[in-house]
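This report covers helix packing and aromatic pairs. The structure comes first, then the terms and the values.

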Amino acid sequence: MQFPVFRTKVKGVTKKFDLNSPAGRRQYFELKAGPEIKKLRAYFKKGNTFIAYLLGKKNSGKGTYSKMFAEIIGHQYVEHFSIGDMIREIDRDLKDAKKKKELITFLEKNYRGGHSVEELLSFLKKRSTSAPLLPTDLILVLAKRQISRGKKKTLFIDGFPRGLDQINFTLFFRDLIGYREDPDVFILFNVPEKIIDERMKYRRVCPKCQTSRNLKLLPTSKVEYDAKKKEFYLLCDNPRCKSVKLQPKEGDEKGIGPIKARLLKDEELIQQAASLYGIPKIFLRNSVPETLAKTYVDDYELTPEYYYQWDGQKVAVKEKPWVVADDEGVPSYSLLAAAVVLSLIKQTVEVLHL
Ligand SMILES: [Zn+2]
């Protein structure tokens with residue numbers, strides 16, 4: 001399936017922006033999508049909401065993009081609702097006697113389907129990345145419970161649908177959670193596997209604030225050198241973390257190798273979603289062919305590759321253009337998250353007819 005290349009170049013906007021800083025991003029969005037942002041805020045201010053289903057491969061940055069959308073439009077209007085986070089929270093609740101009892105009472109009252117409450121609890125306890133998916137009727141009733149607890153917001157749903165058998169449920173999801181009159185939309189992501197691979201292999205996470213960075217693609221402002229191990233590493237630049245060292249996540253060093261089967265399933269799901277009628281779709285593509293980049297995007301919107309030099313005294317941080325083959329083998333650049341979110345904002349205004 002071909003995702004169209006989106007033009008993020010805007011006539012007359014020649015200023016360069018630092019897209020890695022919140023202040024730089026604010027200016028960037030203001031200048032490149034000011035009218036669209038105004039329309040969206042006006043829509044939300046009137047109390048309107050919508051539901052978006054994020055469909056992209058594992059580690060394709062769905063969370064990052066929707067959180068940045070909320071950062072720009074307003075966290076009071078938009079929520080990134082992750083099924084994975086919800087299940088992890090319930091997992092913690094099960095260790096608390098009072099919360100566990102609440103959950104049992106809720107399931108007894110609200111769950112309808114082929115499993116006893118004991119079975120449902122054991123599914124929740126046993127769940128892990130390798131285990132089969134949780135029953136769809138269980139996920140739906142838990143999502144409804146969680147969503148009804150908060151104020152009504154626009155939802156970016158991440159992690160549902162997960163399998164082909166769940167895709168038709170999404171068409172009725174808004175009715176189930178009481179968002180009956182809301183527009184709903186699929187947001188489909190296209191990120192080349194090579195990019196996912198490098199993001200995983202070089203990912204570094206702060207053990208204190210959980211900020212995720214990348215040694216090759218998105219360093220912090222503090223890079224140091226370990227002379228014994230002959231390697232460069234990142235320190236967290238969040239003042240509250242007091243320069244703690246960012247760590248690789250277990251299993252990440254193997255890149256996409258161990259999750260190939262999962263990525264294939266995710267791809268099938270995206271294709272299936274793209275072929276459904278009656279629901280609008282937004283196509284977000286992370287990569288731009290090298291030959292089209294000059295026409296469609298600005299230089300500072302592209303992800304550079306960082307590399308480092310050690311002169312015995314201090315670390316010099318250098319950058320160069322990062323070219324990577326997309327899934328068809330076409331040499332491409334990878335867009336920074338802000339450029340993808342710019343496309344998301346503009347396409348959202350279009351599908352909502354604002
Ligand atoms: Zn930190």
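Buried means under 20% relative accessible area, exposed over 50% and partly exposed in between, with a 1.4 Å probe and protein chains only. Helices (H or I, at least four residues) and strands (E, at least two) are DSSP runs, numbered from the N terminus. This is a predicted model: local features need pLDDT of at least 70, side-chain atom pairs count only at pLDDT 80 or more, and totals for chains, interfaces and linings use all residues. Residues are numbered from 1 along each chain as its sequence is written, and side-chain values use heavy atoms, without hydrogens or water.

**Helix H2**

H2 spans residues 62-73. Of its 12 residues, 9 are buried, so the rest of the structure largely encloses H2. Among the buried residues are Tyr65, Met68, Phe69, Ile72 and Ile73. Just after H2, Gly74 has a positive phi of about 135°.

**Helix packing**

Axes are lines fitted to C-alpha atoms, for helices over the stretch in contact, and angles run from 0 to 180 degrees between N-to-C directions. Contact means heavy atoms within 4.5 Å.

| Helix pair | Angle | Axis distance |
|---|---|---|
| H1 (residues 22-45) and H2 | about 80° | 9 Å |
| H3 (residues 83-93) and H6 (residues 136-149) | about 85° | 11 Å |

H3 and H6 are therefore roughly perpendicular. Angles under 35 degrees count as roughly parallel, over 145 as roughly antiparallel, 65 to 115 as roughly perpendicular and the rest as oblique. H3 brings Ile83, Met86, Ile87, Glu89 and Ile90 to the contact, and H6 brings Ile139, Leu142, Ala143 and Gln146. By class, that contact has 7 nonpolar, 1 polar and 1 charged residues. Here Ala, Val, Leu, Ile, Met, Phe, Trp, Tyr, Cys and Pro are nonpolar; Asp, Glu, Lys and Arg are charged; the others, Gly among them, are polar.

**Aromatic pairs**

Rings of Phe, Tyr and Trp (its six-membered ring) pair if their centres lie within 6.5 Å; planes under 30 degrees apart are stacked, over 60 edge-to-face and the rest tilted. The count by this rule is 17 aromatic pairs. Tyr43 and Phe44 have ring centres 5.6 Å apart and planes at 65°, so their pair is edge-to-face. Both Tyr43 and Phe44 are buried. Phe69 and Phe156 have ring centres 5.0 Å apart and planes at 45°, so their pair is tilted. This pair links distant parts of the chain, with Phe69 in helix H2 and Phe156 in strand S3 (residues 154-158), 87 residues apart. Phe69 and Phe156 are both buried. One aromatic cluster is formed by Tyr43, Phe44, Phe50, Phe69, Tyr77 and Phe156.

Key:
Expected span 1.5 Å × (residues − 1).
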